[in-house]
Each structure stands twice: as structure tokens, then as C-alpha cells.
Amino acid sequence: MVISHFHGDHIHGLRNKAGDFVFPKARVLVPAPEYAFWMDDGKARAATDECSKGLFANARRVFGGMPEAMLQRFEPGTELLPGLRSVPAYGHTPGHTPGQTPGHTLFEAGRGPQSFLYLADLTNVPELFARNPDWAVSFDMDAAAARRVRREVFAKLVASRAVAGGFHFPFPAFGRIEAAGNGYAFKPLA
């Protein structure tokens, strides 16, 4: 399985309440910069607000002690499997600041109009953040980068006519991004 980033709503299902792995035979592919950031002791100690402290603790609860045979780190921008590419997407989680590389990662399968781009949390609620790509959500750790990347990715999706979907998208969660005023609109596939 591929993990886009380490926010709780994307990783909680890897372990059950008792702390056991739900899919003990799975290979869990994670962005290396994302893993490095959340597992860094210094960064965890430097977290000042309760939300950040909780995010660090949760990532460590889920990935701490994960066997190396189960955990596979990858660099964003690489091909993970034939036809499945990871796409760096700065902003939502660490990235785009000096000394940090992107963590939040999108995944693309195929090319052009026959491709699919999984947007993860590039837009948390497409009715709001596709329509208003310059808005930011409180979980965007670098809001300026998130805004810029959101516009870049949406413009590419409009040009390529690729199918897109995301973690927080409404059913059926697959559709196309179209230009709409100063922003974009998600049009679900029928």
C-alpha cells in the first residue's frame, strides 16, 4: 500500500486498537522525507502546540517498530511500480523550505487523458479548495506552497484531461478538474 503523508486520517488503519498491524504481510510504501520528518526526535521535541505534538506521537505510534521488511521508503518523483509514479506535492506536509524536501505525495497511474492522479490532500474539500485554490486549510504546514502547488496541479489536470480523485472527495471520488472562474471545479464521473 502507498501512503501519501502521515496525517492520522491517512495512517490510522495500519494498526488496530491493540497496536497490532492490520495488514501484517503488506508492504507499506512511504515518502522518505515524510518519514524522516515525523520520526526526527529533534523536530518532535521542538513541536510547541498540542496538535503538532499529537501528529508526531501518532506517526511514531503507527510507524515506530514497523519491521524493515514491511516498510519501504521512496523518494517523491520516482516510479514505485511499472506505471505508478509518485509526484511530490509541497505544502500540506513538510517541504519547500530550505533543508526540507517534499513529504506530501500524489500518485499517478497512466499518462494523459487515460491516466489517474490521486490527489491525497492537495484539496481537502474540492467544493471549497478547488473552487478557491488560494485558500488554505489549517493542516497545510506551508500554506503558500500548498496554494502554489494546488494551482499548478489543477492547471495540469485541466490541460491533460486526466481523471483525478482524492481522499476527501465526494462519491464517486473520481472525476475531472475543470477551470471555473478564478479556480477550478471537480466534476464527478457519471
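Biologist: Over how many bridges do strand 5 and strand 6 (residues 116-118) pair in the antiparallel sense?
Modeller: We're in a predicted model, where local features need pLDDT of at least 70, side-chain atom pairs count only at pLDDT 80 or more, and totals for chains, interfaces and linings use all residues. Residues are numbered from 1 along each chain as its sequence is written, and side-chain values use heavy atoms, without hydrogens and water. Here Ala109 stands opposite Phe116 in strand 6. Two strands pair if DSSP finds at least two bridges between them, and for strands 5 and 6 the count is three.

Biologist: How many of the five residues of strand 5 (residues 105-109) are buried?
Modeller: Buried means under 20% relative accessible area with a 1.4 Å probe, protein chains only. Across the chain's 190 residues, 46% are buried. Strand 5 is largely enclosed by the rest of the structure, because its buried residues number four.

Biologist: Which element gives the largest share of the lining of the largest pocket?
Modeller: That pocket (on a 1 Å grid, an open set of points where a 1.4 Å probe fits, with protein on both sides within 12 Å along at least five of seven lines) is lined by residues with an atom within 4 Å of a point. The volume, the space filled by probe spheres set on grid points joined across faces, edges and corners, is about 270 Å³; of its 15 lining residues, the closest to the centre include Val87, Leu117 and Glu152. Strand 4 (84-88) and helix 6 (143-160) each supply at least two lining residues. The largest share, six residues, belongs to helix 6.

Biologist: And which element leads in the second largest pocket's lining?
Modeller: This one is about 210 Å³, and among the 14 lining residues Trp38, Asp49, Ser52, Leu55 and Met141 are closest to its centre. Helix 2 (32-38), helix 3 (41-46) and helix 4 (50-63) each give two or more residues. With four, the largest share comes from helix 4.

Methods
Buried means under 20% relative accessible area, exposed over 50%, partly exposed in between (1.4 Å probe, protein chains only).
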